[in-house]
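Let's take a walk through this structure together. Have a look at it first, and then we'll go from the overall picture to a few local details.

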Amino acid sequence: MTAETITGSVHSFDVSTGVDGPGTRFVAFLAGCPLRCQYCHSPDTWYRRSGRPTTADDLMAEIARYERFIKVARGGVTLSGGEALQQPEFVRAVFTRCHERGIHTALDTSGYLGAKAPDELLDVTDLVLLDVKAGDEETYHRVTRTGTLEPTVTFAHRLADRGIPIWIRFVLVPGLTDGDGNVEAVADIAASITSVERVEVLPFHRLGAAKYAALDLPFPLARTPARTRDCSIGSAAGSAPAA
């Protein structure tokens, strides 16, 4: 199957600066995610059926419209979600085409499905934005409601073994992820991964509440106060919104 005929489910795309990797980036949000994080601000991306069938060639045609701009701005292409690794062959096809055109690639993932990422995909991945939901299994399950922490840690070390740069992102949620023990555990995980270039501690927000209402879903953290500050540690500039 060629890149042109590999089809993914794409929910939407955007162009952003400083929040989805270095520089100005074309960001495609793929549909489908196995996790149900309490602070998720995109419940409209949970299911593959929420996206539009798109071939790798179709998405590259969209990327080409912005190619000169993102190259001048020292950016690239980020595939996010949902969870991009629910569609590993589509990600591989798009990233392969990006590399052929000299475009920097970034994968935004929880790492929960890291075992599904073939080596061929990682060969064309320049940066991983790794969402570490929590530092211990109990808190991780409370946050995600469907997942476990171990696959993320295993994937992170696999990336490090391959020398792939990682930006870790951790959302600080009052009463959920802000316990001293959990924060220290996240720090320990970050310290154990040799290719981590940056750690971003992101403030919880309620910006996705309207989406829950539109989907007639309860927002689990509707009564949780939002944080107003974030903390970024590392040499790269910019910070990302809570996912």
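Accessible areas here come from the Shrake-Rupley method with a 1.4 Å probe; for residues, only the protein chains shown count as cover. On that basis, the chain has an accessible surface of about 10800 Å², and 52% of this belongs to carbon and sulfur atoms.

Keep in mind that you're looking at a predicted model, where local features need pLDDT of at least 70, side-chain atom pairs count only at pLDDT 80 or more, and totals for chains, interfaces and linings use all residues. Residues are numbered from 1 along each chain as its sequence is written, and side-chain values use heavy atoms, with hydrogens and water left out.

So what is the chain built from? It holds seven helices and nine strands (DSSP runs, H or I of at least four residues for helices and E of at least two for strands, numbered from the N terminus). Its C-alpha trace spans about 45 × 40 × 30 Å along the principal axes. Of the 243 residues, 51% are buried, where buried means under 20% relative accessible area, exposed over 50%, and partly exposed in between (1.4 Å probe, protein chains only).

Now for some backbone details. The peptide bond from Gly 81 to Gly 82 is cis, with omega near 15 degrees, and Gly 82 sits in the loop between strand S4 (76–80) and helix H2 (88–100).

Arg 74, in the loop between helix H1 (56–72) and S4, has a positive phi of about 55 degrees although it is not a glycine. Arg 74 counts as exposed because its relative accessibility is 73%.
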